[in-house]
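Below is a short note for a colleague who is opening this model for the first time. Please read the points with the structure in view.

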Amino acid sequence: NPRYFTYENIANFKRQLKMLGKGVNWDKELSTSDPYFYGWTQWFFKKFYEHKLAVLQDVEVNFCEQLGTVLANDEIISTEQGIFSERGNYPVVKKTKKQWVLKITNYLDRLLKDLDLLDWPVQLKDIQKNWIGKQKGFIFFFPVLSENNYFVKVFTTKPSTIFGVSALVLAPENPLVDVLTKKEFMDSVKLYLEETKKKTDLNRNINKEKTGVFIGSYVVHPFNKKKIPIWISDYVLPYYATGAVMLVPFCDERDFCFAKKYNLEIIPILKFDESESNVNSFDHCHSMSEKDTFINSSFLNGLNVEEANNKIIEISEK
């Protein structure tokens with residue numbers, strides 16, 4: 001019975017601490033396995049549920065068959081051979097399971113605002129802000145070519161770069177991948193998905209060598225009606241925004257490297273000095289600044305970044 005050996009372990013820890021002469025106020029002791037304690041956590045959960053703040057969702061988790069449980073990211077180790085549990089070194093796989101999720105996003109603005117009330121180091125507050133993850137941006141809807149009922153929804157913090165899009169890149173786990181992958185590309189997509197399952201989210205983000213697979217389908221650009229290919233890549237995470245990003249090689253070094261590797265179009269959308277450019281490196285392209293003006297961008301030509309962002313949002317919302 002876990003209850004018995006848990007309390008036996010607690011008694012042993014207390015004995016050891018007392019032997020060390022640690023000054024602990026045992027009147028303040030509590031145990032999360034005590035019914036009095038978890039009775040209150042159950043009460044809180046019930047209230048969350050009653051107010052529709054606790055919902056069941058399909059969530060991708062780290063699952064260990066041998067341990068029979070879901071593991072947190074800090075309980076797993078990623079190697080070239082795959083993902084393993086820190087305890088026991090057992091294989092871990094990515095699996096979609098029903099999980100209770102608390103909708104803290106309903107309180108996103110308050111969470112950010114109340115950080116100002118805390119006497120915490122700036123670095124720690126920044127970590128919290130990044131974890132909360134609020135970003136201002138815009139969502140574009142790209143209709144899928146020959147699939148009238150499907151759209152790829154993409155969130156971007158740089159809507160003004162819309163005319164520099166040379167591909168859409170989806171997370172391999174995005175539900176649209178199953179629907180939109182053409183038959184002749186199915187084997188390579190499935191193989192890529194299996195390889196992705198062997199990587200942690202951290203590995204997917206920090207891995208400098210970006211990889212991807214074309215799924216055989218295209219979307220239509222919402223403004224110039226250009227045909228744009230759909231790819232998948234493990235650097236796109238399924239739970240970030242919509243699980244799909246715009247590939248804009250001219251304004252993003254990661255996108256530039258991806259485009260060069262897979263021979264995708266690189267569209268110059270900002271003014272630059274061609275005499276100082278190097279077509280084989282990101283120097284040829286441009287990191288955006290507020291003073292830049294757009295080219296090759298239809299009705300955004302000649303506008304700076306702020307003006308272009310406002311213009312594209314104004315036109316899109318009509």
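How many residues lie between E3 and E4 in the hairpin that they form? There are two residues between these strands, where strands (E, at least two residues) and helices (H or I, at least four) are DSSP runs numbered from the N terminus.

1. Basis of the note. This is a predicted model, in which local features need pLDDT of at least 70 and side-chain atom pairs count only at pLDDT 80 or more, while totals for chains, interfaces and linings use all residues. Residues are numbered from 1 along each chain as its sequence is written, and side-chain values use heavy atoms, with hydrogens and water left out.

2. Asn-62 in strand E1. E1 (residues 54–64) contains Asn-62, which counts as buried because its relative accessibility is 4% (buried means under 20% relative accessible area, exposed over 50%, partly exposed in between, with a 1.4 Å probe and protein chains only). The side chains of Asn-62 and Asn-73 are joined by a polar contact of 2.9 Å, that is, a pair of N or O atoms within 3.5 Å, of which, within protein, one must be able to donate a hydrogen and the other to accept it, residues adjacent in sequence counting only if both atoms are side-chain atoms. Beyond four places in sequence, Asn-62 also touches residues including Val-70, Ile-76 and Val-92, contact meaning heavy atoms within 4.5 Å.

3. The four-stranded sheet. A second topic is the open sheet with mixed pairing and the order E9-E10-E8-E11. Its edges are E9 and E11, each with a single partner strand, so one side of each has no neighbour in the sheet. Strand E8 (residues 167–170) pairs with E11 in the antiparallel sense over four bridges, and Val-169 stands opposite Val-245 in E11. Ala-244, which is located in strand E11 (residues 244–247), is buried, with a relative accessible area of 3%.

4. Helix H6. Which residues of H6 (residues 186–196) are buried? They are Val-189, Tyr-192 and Thr-196, and they lie on the same side of H6 because they cover an arc of only 65 degrees around the axis, the arc being that of the directions from the helix axis to the C-beta atoms. Asp-187, Lys-190 and Leu-191, on the other side of H6, are exposed. The buried residues pack against helix H5 (175–180), helix H7 (201–206), strand E9 (213–220) and strand E10 (227–232).

5. The nonpolar core. The largest nonpolar core has 35 residues, and Phe-142, Val-152, Leu-168, Leu-170 and Met-246 have the most contacts inside it; such a core is a set of buried Ala, Val, Leu, Ile, Met, Phe, Trp, Tyr and Cys residues joined through side-chain atoms within 4.5 Å. Apart from it lies another core, of twelve residues, including Tyr-235 and Leu-247.

Note on methods. Two strands pair if DSSP finds at least two bridges between them.
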